[in-house]
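Trainee: I would like to learn how to read a model like this one, feature by feature. Could we take the general idea each time and then the case at hand?

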Amino acid sequence: MNEIAALNGVVEVEKIQYIKIRLNDEYFGIDIKYIDNIVRMQHITRVPKSMDYIKGVINLRGEVIPVFSLRVKMGMEEIEETRSSRIIIIKYDGDSVGLIVDEVKEVINLSVDEIEKVYRDSSENAQNFISGVGKEAGNLISLLDINEVLNDRTV
Amino acid sequence: MDVSQYLDIFIDETKEHLQNLNNRILDLEQDGEDMDTINEIFRAAHSLKGMAGTMGYKRMQTLTHDMENVFSEVRNNNIKVNSDMIDLLFKCLDALEEYLASIQESADEGTNDNEHLIKALNDVLNSKNDQPEVKEEPKEASKEDKANSTKAEKWKDIKIDDTFRTVIEEAQTRGFKAYGITVYIMDSCLLKAARAFLVFKALEEHGEVIISVPSAQDIEDESFENDFSVVILTESPLQKVIDAVKFVSEIEDAVGGEIVIEAKPQVTEVAKVDDVAANNTSSDDKPAQAAQTSQPAKPEKKASAKPVVNRTVRVDIEKLDSLMNLVSELIISKNSLVSVAGTAVGRTNMAFNEQIEYLESVTTNLHESVMKVRMVPIESTVNKFPRMIRDLSKKLDKKMELYMTGEETELDRTVVDEIGDPLMHLLRNSADHGLESAEVRAQRGKPEVGSIYLDAYQDGNNVVIEVRDDGNGIDVENVKRSAVEKGKITQEQADLMGEKEAIDLLFQPSFSTAKVVSDVSGRGVGLDVVKSKIEALSGEIEVKTKLGEGSTFTIRLPLTLAIIQALMVVVGGEKYAISLGAIQTIESIKVEDVKKVQGKEVINLRGSVIPLVRLNEMLDIESLTPNADELIVLIAKKGDRFAGLVVDELIGQMEIVIKSMGKYAGNCKLISGATILGDGEVALILDANALI
């Protein structure tokens, strides 16, 4: 074990940490450097006349933060929130945004050679939001491109 | 002397003096004989010269010196004011402003000697007389001599009333001594208030200053001659206190003695002076009483010739922002307390509620005070416009006059700083495009001199600034034609376009109808920049125009940026806040009283027809009370237009903190922000202006 730990220590620099989340039965990874907080579902105030994926705004320790449904954003059907639903608070470029996910699994470490770059394919919508695919213990994890998720280019 | 710490003061005061000079020289142009104006110009120029000299800005000093010489000759009736001279003086002021700008940037005045200006000034001087220039320095010196001879221990004139008598007696029983001290500041000192402040600071290290003559406020405002007196309570020996005072630079002298209350006042005279011969050795050792009777009463303070200027303690705006944030937090937490008290039915007691009410009034007052601290009159921004219009008048060769009202209207500091450019733009626009040439005006039977008005006033929670002219107005057809030519719109679109839409075209990027691109305006960057700037300040701009009669640009700005009084309402089960300032009245309207005009719902309220806005429809939500017999209608006002906003339920009035929703929340025009309610829920703030 110690040897492995030591080994991990050596290659740590090469590894990127992701939070592994679930939408439906798919797993996605979000680079941990963008994540400010993970909170339970709470009352969301609807914002009228906004895009369908904007679920509204919440109060996070005195700040008002918009919340997106990651499902709707990714082109999936919407579901009722469940006990495992969470809001991931992303801090990007000075602004905060919450993303609703079905479940938060764990933190994973991926080294560069475990990540396969995805080349943009405009035929499928969801593809646009993925920057790469990570291989973790035999599972495939789609890594989200936060910039693409937040900045809607279809508008 | 290290003067860098005074740089800020220098810059501020120089700005004030320059602004003052600008205004006074404008006055002088109107009336070249007015002695008060000339004297004031002279004084301002003299102070400017002195300050520049102290700070080591030689070029600035030289230029002001030569200007001062001209003023001096004018004052002595050796030169008559003429328009060339006024032009030259304005050029000099511009040059001084350049120096100042450079100093502000790099603490260095730059290398421009402005020799042509200095030469021109000297030409003015030589043209008139060959008399040697009048030196005012010796005069001042003699005045100073006189002052010195009468200068004495003015502290003995301080009247100690019963309150202070008790304070002093009490202090004496505790071993403190009361000393009266008179401090003389050197005549050459230019930042008297700053020196006095240092003296006070020095004194406070030793004890407590209980009386000061003139008052601390007057001293801070620099409305005192070269001396002031204080009474201090201290344990230190007198000599030590006086030494501390003299340690402050540019202090000419300090004298003082003990004030003894019970017995016949006895004075221990101290203070001996090093450099001033004229000092009062004679009064040494005289009993205080004798001095008091023998001395003439302190001369009445000369009526200050300086206009009343807003004196301020300089505070970094960031500190105010953080103070404001803290107040916001406090109000949010107060709101949650209120809501806790409201929900804990049967368990709240009277005392608790009383305390909450008290807290409420404290937070409201606190908020108002912090707000007021941030408010400044728009004067500082609009002051420069008369001069600008004068220059434009020359440049464009059109006669025009600017009339301003409401300069004292206050706005948040940040808004005042930002509003200058848009206003300047609108004024230039009026001067250049608005006003017709003299011939056209004559044909139309208008007075030869064109009028431009700048009016500011408060309207509810908004401040309105209007720029108005009696010029040509906007030629809508011309605007449309120009838009078609530029390919902004098609001919068909133009034909269908109403007047309002056509005027809106003016606010499109790179749109200018000026046929000739002039130096003044018409470069195609213009109204769109004005508009975006005003919108960035959460304001609005509107245009009204009548061809041949003139146009009015109305800017509407929110008074407050952070915390407002709001009316909380329910629409379709959701809570919304509406700024109370936008609401005129709340009416209960019977459903059968709602009429339809051109397919739109209106109500007739006390003689005026007001369109109804069903908020639930605007906000895409089902009304809670679709079949109610009576509608709750908020009558909202924007300028001279009204609208009736239909809501489901009223909650009540509340002080809310406006929070930004960030750029990812979509940009719904109806929502101007969000706020956090007492229970932690977020409520959106409806922008009543956008609904009308």
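Trainee: In what order do the five strands of the open sheet in chain B stand, and what is the pairing?

Mentor: Before that, note that this is a predicted model, in which local features need pLDDT of at least 70 and side-chain atom pairs count only at pLDDT 80 or more, while totals for chains, interfaces and linings use all residues. Residues are numbered from 1 along each chain as its sequence is written, and chains are lettered from A and ligands numbered from 1 in the order in which they are written. As for terms, helices (H or I, at least four residues) and strands (E, at least two) are DSSP runs numbered from the N terminus, and two strands pair if DSSP finds at least two bridges between them. In chain B the order of the five strands is 20-12-13-22-21, and the pairing is mixed. Strand 20 (649-657) and strand 21 (671-676) of chain B are the edge strands, each pairing on one side only. From one strand to the next the twist averages 35°, where axes are lines fitted to C-alpha atoms (for helices over the stretch in contact) and angles run from 0 to 180 degrees between N-to-C directions.

Trainee: How many bridges join strand 21 of chain B to strand 22 of chain B, and which helix packs on the sheet?

Mentor: Strand 21 and strand 22 (residues 682-686) of chain B run antiparallel and are joined by five bridges, with Val682(B) in strand 22 as the bridge partner of Ile676(B). Helix 12 (residues 317-343) of chain B packs on this sheet, touching strand 12 (563-571), strand 20 and strand 21 of chain B, and its direction makes about 145° with that of strand 20. Contact here is meant in a residue sense: the C-beta atoms, placed from the backbone, lie within 7 Å.

Trainee: Which strands stand at the edges of the six-stranded sheet in chain A?

Mentor: The open sheet of chain A has the order 8-1-2-11-10-9, with mixed pairing. Strand 8 (103-111) and strand 9 (115-117) of chain A each have a single partner strand, so one side of each is left without a neighbour in the sheet. The partner relation can be followed between strand 1 (residues 15-23) and strand 8 of chain A, which run antiparallel and are joined by seven bridges; Leu110(A) in strand 8 is the bridge partner of Ile16(A).

Trainee: What joins strand 10 and strand 11 of chain B?

Mentor: Strand 10 (residues 540-546) and strand 11 of chain B run antiparallel with seven bridges between them, and Thr545(B) stands opposite Ser551(B) in strand 11. Their hairpin has three residues between the strands, and in it Gly548(B) takes a positive phi near 90°. Strand 11 (residues 550-558) of chain B is also joined by eight bridges to strand 9 (residues 462-469) of chain B, again in an antiparallel run, and there Phe553(B) is the bridge partner of Val467(B).

Trainee: At what angle do the axes of helix 2 and helix 3 of chain B cross?

Mentor: The axes of helix 2 (residues 35-55) and helix 3 (residues 58-75) of chain B come within 9 Å and cross at roughly 160°. Since angles over 145 degrees count as roughly antiparallel (under 35 roughly parallel, 65 to 115 roughly perpendicular, the rest oblique), helix 2 of chain B is roughly antiparallel to helix 3 of chain B. The residues that meet include Phe42(B) and Leu48(B) in helix 2 and Met60(B) and Phe71(B) in helix 3.

Trainee: How many residues of chain A are in contact with chain B?

Mentor: There are 21 residues of chain A in contact with 22 residues of chain B. Strand 4 (54-60), strand 5 (63-69) and strand 7 (95-101) of chain A are the elements that give two or more residues to the side touching chain B.

Trainee: Is Ser223(B) buried, exposed or partly exposed?

Mentor: A residue is buried if 20 or more other C-beta atoms, placed from the backbone, lie within 10 Å of its own, exposed if 12 or fewer, and partly exposed in between. Ser223(B) has 19 other C-beta atoms within 10 Å, so Ser223(B) is partly exposed. Ser223(B) is found in the loop between helix 9 (216-220) and strand 3 (227-234) of chain B. Of the 692 residues of chain B, 33% count as buried, and of the 155 residues of chain A, 32% do.

Conventions:
Two residues are in contact if their C-beta atoms, placed from the backbone, lie within 7 Å.
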